[in-house]
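Subject: Structure for your review

Dear colleague,

Please find below the structure that I am handing over to you. My notes on salt bridges and on one helix packing follow it.

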Number of protein chains: 8
Amino acid sequence: MSVHVGIIMGSKSDLPIMAEAALALEELGVNYELTVVSAHRTPDRMVDYAQTARERGIKVIIAGAGGAAHLPGMVASMTSLPVIGVPIKSSNSIDGWDSVLSILQMPGGIPVATVALNGAKNAGILAASIVGAFDATIGNNLDAYKKSLKEKVEESAKEIETFGWRKALEK
Amino acid sequence: MSVHVGIIMGSKSDLPIMAEAALALEELGVNYELTVVSAHRTPDRMVDYAQTARERGIKVIIAGAGGAAHLPGMVASMTSLPVIGVPIKSSNSIDGWDSVLSILQMPGGIPVATVALNGAKNAGILAASIVGAFDATIGNNLDAYKKSLKEKVEESAKEIETFGWRKALEK
Amino acid sequence: MSVHVGIIMGSKSDLPIMAEAALALEELGVNYELTVVSAHRTPDRMVDYAQTARERGIKVIIAGAGGAAHLPGMVASMTSLPVIGVPIKSSNSIDGWDSVLSILQMPGGIPVATVALNGAKNAGILAASIVGAFDATIGNNLDAYKKSLKEKVEESAKEIETFGWRKALEK
Amino acid sequence: MSVHVGIIMGSKSDLPIMAEAALALEELGVNYELTVVSAHRTPDRMVDYAQTARERGIKVIIAGAGGAAHLPGMVASMTSLPVIGVPIKSSNSIDGWDSVLSILQMPGGIPVATVALNGAKNAGILAASIVGAFDATIGNNLDAYKKSLKEKVEESAKEIETFGWRKALEK
Amino acid sequence: MSVHVGIIMGSKSDLPIMAEAALALEELGVNYELTVVSAHRTPDRMVDYAQTARERGIKVIIAGAGGAAHLPGMVASMTSLPVIGVPIKSSNSIDGWDSVLSILQMPGGIPVATVALNGAKNAGILAASIVGAFDATIGNNLDAYKKSLKEKVEESAKEIETFGWRKALEK
Amino acid sequence: MSVHVGIIMGSKSDLPIMAEAALALEELGVNYELTVVSAHRTPDRMVDYAQTARERGIKVIIAGAGGAAHLPGMVASMTSLPVIGVPIKSSNSIDGWDSVLSILQMPGGIPVATVALNGAKNAGILAASIVGAFDATIGNNLDAYKKSLKEKVEESAKEIETFGWRKALEK
Amino acid sequence: MSVHVGIIMGSKSDLPIMAEAALALEELGVNYELTVVSAHRTPDRMVDYAQTARERGIKVIIAGAGGAAHLPGMVASMTSLPVIGVPIKSSNSIDGWDSVLSILQMPGGIPVATVALNGAKNAGILAASIVGAFDATIGNNLDAYKKSLKEKVEESAKEIETFGWRKALEK
Amino acid sequence: MSVHVGIIMGSKSDLPIMAEAALALEELGVNYELTVVSAHRTPDRMVDYAQTARERGIKVIIAGAGGAAHLPGMVASMTSLPVIGVPIKSSNSIDGWDSVLSILQMPGGIPVATVALNGAKNAGILAASIVGAFDATIGNNLDAYKKSLKEKVEESAKEIETFGWRKALEK
């Protein structure tokens, strides 16, 4: 089965966050690949990754980076595939604003689909929804996932309504 | 030819911004529909729009809104299609931070693909790149578009290098 | 005795914060109900909650949510009851700005009465003051509460003035 | 007919903004009074206003102020009535953050129901919803108002869908 | 010897911060008094404190408060004495911006001399410099204090230059 | 009569703002001097100004500067007199945050009494209140000024209450 | 004479700002070249520019860009020359924070020497100071420039002190 | 061998951060000196350091400071050498914004080459790149350093691609 989503990140230290994208894709039945590509430390590798992604069958690229986060935008500049950017809150980040703004505020012509700060899980789900728009199986998996979210809320509600919030708080 | 992208906005006053998404889709050869749907003033209409989009053949929804912008996230909660959010800087906006954060910072499970403030043009291009990942014609149109961006920069560079920046500034 | 205040929140994980609203209402003698309703994961449940609240005798709704917090505003769009919004600082929040702005900056026509970040206690007191404006008993309870706040400050002042700030600091 | 809402503001220069609260109340059939009370320039007048409001039959106070905006919070500290705060963007405001934060971030025990920056119209509607929770006529007026908001959106949508967005944009 | 500086704060919980103002005044030989006065919980006490300060011989008031911090500005509105405001970072503060802006951004006519976030020590020194401008002994104490600051820096420099930064870092 | 307040600013372009400090001092009967001293362009002149101010009889220095505003803090480091800092919003300012924070957030030991953005008028009044704490005439002028502020508010209130807000708005 | 400074910018629309860098270098006697290089639209051109700069004799690169500004950081990743970044406030910028943070907050290993928002003039002077550290003529030009800054301040001061600030304000 | 880089900081407490600049310079073979110089506590020492640096053979000054950080800008005002500013996040910093803005936003004429918050390592590398632009040995050391950064990324990538991200995460 072919790989549809490529997950890349600027540093191995981003892996604990970015692994959530991989887990979401696994749960939704989407094949992916995952590796490290740094815009600033391996620019040639980044060019190569971005320019060959389409011909290798990739449909969506998820790119995570922190601080002055250039990886998502630079990759988007070199491919016509949709690129999802995950702003990561790095250790000397100014509250995450740096990675959010350097991924979100792309100039006209080169969009990056930005998700929430450290929102790698949502990046995975968004990638699945892109694949699922053209693939009924994945689309159905997403519907099932949405249903499971709903059921968890309903269970919480039932627990609180039945036993009272004080009991629910103790658990 | 079927419609692949649905463009919605919270108010007709958002049209001057959101029209840029339509123009980008036209330039890239992607069929779209465009209307007004308000999360806060027509919640039923929003539910209906979101829940029927997929069966009507829509592949991507672009939703623009300002201030406490709930339309993109609420639509995303009711469909498994990818939703692109355009934060619009409304008249009493706190510098655009309100719409940016109320679209971007979605909770785990319900992503919105957020673009730059007032970035409707990029929303159109992003929607096209999603369609183009599965449709070679649109993909090629995007490649041609990227090439045209490159050529404009090269022309500017040539003009400045040939005639000097003072002359270029006069034009 | 009928229930006058409905407390809802987007997730059970918001309960430790939102319980303070319940405690404040209990202290002020106002009946309430409390449950979980998610704008993004249970949109139908939210519509149902909002649209039936008034006929069930509810006078005020308190809604707490974090991140891109849509629950208070969406509920406000579906009821003519006053809705109090509590911005909650979620784990990946950008310093709380996301929930504050997505609750506060509602468009013209659909107000949400916003309180401070994590200010569920104040939401409870505000709800009591709304009920108390039309119910002398609750109004008197509020007056007594205000008096107790005053007395605590006066006790602190007396302690410091009598024993000196160094002694007061040791306690 | 008795006056149910008191509108106050820190300076006559706030009147162009605060007049929108009065207009909203008129439209919704709620009686109000409107005057100038400054926390910093007429503290005695403020104390008097706040402490007598309840006995004069007022049910809700709307207070607007800019910059380091202390009027809403100080009034709230001297009455058990609900106080709605309108942050006004003054001429040397730091983008409105000053008035928003000095009204919103009240300490535990003294809530202010804060609305959006310059959101006096919403303050009027919120005050009406508080009165309307206990007065069926006002409640019905609010329902009719909400319906009119909905119809305006539907008209816009119909116009765009019928004539196309280019025509709609021209108007 | 008469008391020249009054230190007040909104809550006993502010004492660990505000004690630094007292310590600075003690070190510089300025007599002070210190107590708790809350703008929101003891408004009458605040009015009384502010209006009698001058006749009691006070020359400067230092007022500390957190969140929507109204104490310094309200006191300043009721006395012609200089008021120094100390923004305190409270537990649910939005990074301290709330107290900074609600103290700093006072409207024209009612200044508050604002110091850094949690800067009670500097508030004490500033109060001493005000007294010292008219009292040669205090002025000389300040000069001696400034000299001691200088000597500490010079010692650090000498240590690093003599033993190297690695050794200095170990200590 | 001796000069009690020295007003300095980083550039002649700051004069339209800083002139308001001079006007306030004139109105309150305080003698002052006014000139241009730049921390970055005339550091020697700044050192000389700061170190001789006290012996020349100056009691308070008002220093205004924009952007990375170092003048108030540097002057404060070289004198034991109280220094009032006026953050000025320069043409390429980031919304005034730069001058506010570079004046306000002084390290422990070297306070600057910071006023609101562009708040030169308040700097003048604050300087007068410092002089007035030790000079009964100036103190009385301040009391009269406060009374005039109060009367203006009361006039506005009377106008609105007598003729209605619509008439008042027309003027 | 060889070219020592390369000025590049992401778009011709940045030229009015970036021209100030050129003017500063001309005034200080430093040879430069100026052209347009876009990180996002001409990535290959950017790689080529960065990788050949050193061998062409360039000593410093000045790169200006707006929004999610990646040009300075990407160029810095591909050369060992010092790169000066100029954050430009683009038309849909969020108050300039986007370009400031995407240039300033570079990860460890790849510095960019960032100057103020729209601070192209200072970028030119900084580049000259780098060249001037190794070239006595340029160093002397900088000393002369600093002297001229000082003289302008002294003239302003003299004008105000001689004729009074009212006269100076009229000019 | 002569010293080319001077590292200074406002306080010995900044040493743990600023030591990273020293380590980077050692790794890249650049001679440096390091000491403590405070703008606010030892202004004379600062003047002396800045004015003699050039004649002592220094080519670049690195200055680190926190809060209202004036050291880098003041030193830059007194030398024609390039000055690199390191914003340090001090204990009562408002998220680092204070030191970032008081170093970055220098007025026209006096640039400071600003690096990321706590980015002393990058300050060291930037200083080396300035020296390396005129010294082939240092330039080559930088090329080797860049190569080592690249190799570390490639190793991480290989590890993840060979053993899978789950294994890589365990290490």
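A salt bridge here is a side-chain nitrogen of Lys or Arg within 4 Å of a carboxyl oxygen of Asp or Glu. This is a predicted model, in which local features need pLDDT of at least 70 and side-chain atom pairs count only at pLDDT 80 or more, while totals for chains, interfaces and linings use all residues. Residues are numbered from 1 along each chain as its sequence is written, chains are lettered from A and ligands numbered from 1 in the order in which they are written, and side-chain values use heavy atoms, with hydrogens and water left out.

Salt bridges

Over all chains, the search of the whole structure finds 32 salt bridges. One of them joins Lys12(E) to Glu159(C), at 3.2 Å from N to O. This pair crosses between chains: Lys12(E) sits in the loop between strand 1 (5–9) and helix 1 of chain E, and Glu159(C) in helix 6 (residues 136–163) of chain C. Helices (H or I, at least four residues) and strands (E, at least two) are DSSP runs, numbered from the N terminus. Glu159(C) is buried at 16% relative accessibility, whereas Lys12(E) is partly exposed at 24%; buried means under 20% relative accessible area, exposed over 50%, and partly exposed in between (1.4 Å probe, protein chains only).

In chain B, Glu33(B) pairs with Arg56(B), the closest N and O atoms being 3.1 Å apart. Glu33(B) belongs to strand 2 (residues 32–36) and Arg56(B) to the loop between helix 2 (43–52) and strand 3 (60–66) of chain B, so the bridge ties together parts that are 23 residues apart in sequence. Glu33(B) is partly exposed, at 22%, and Arg56(B) is partly exposed, at 40%.

In chain D, the side chains of Glu33(D) and Arg56(D) form a salt bridge at 3.1 Å, N to O. Relative accessible areas are 23% for Glu33(D) and 40% for Arg56(D), and both residues count as partly exposed.

Helix packing in chain E

Helix 1 (residues 15–28) and helix 5 (residues 120–132) of chain E have axes that come within 7 Å and cross at roughly 35°. Axes are lines fitted to C-alpha atoms, for helices over the stretch in contact, and angles run from 0 to 180 degrees between N-to-C directions. The residues of this contact (heavy atoms within 4.5 Å) include Ile17(E) and Leu28(E) of helix 1 and Gly124(E) and Ile125(E) of helix 5.

With kind regards
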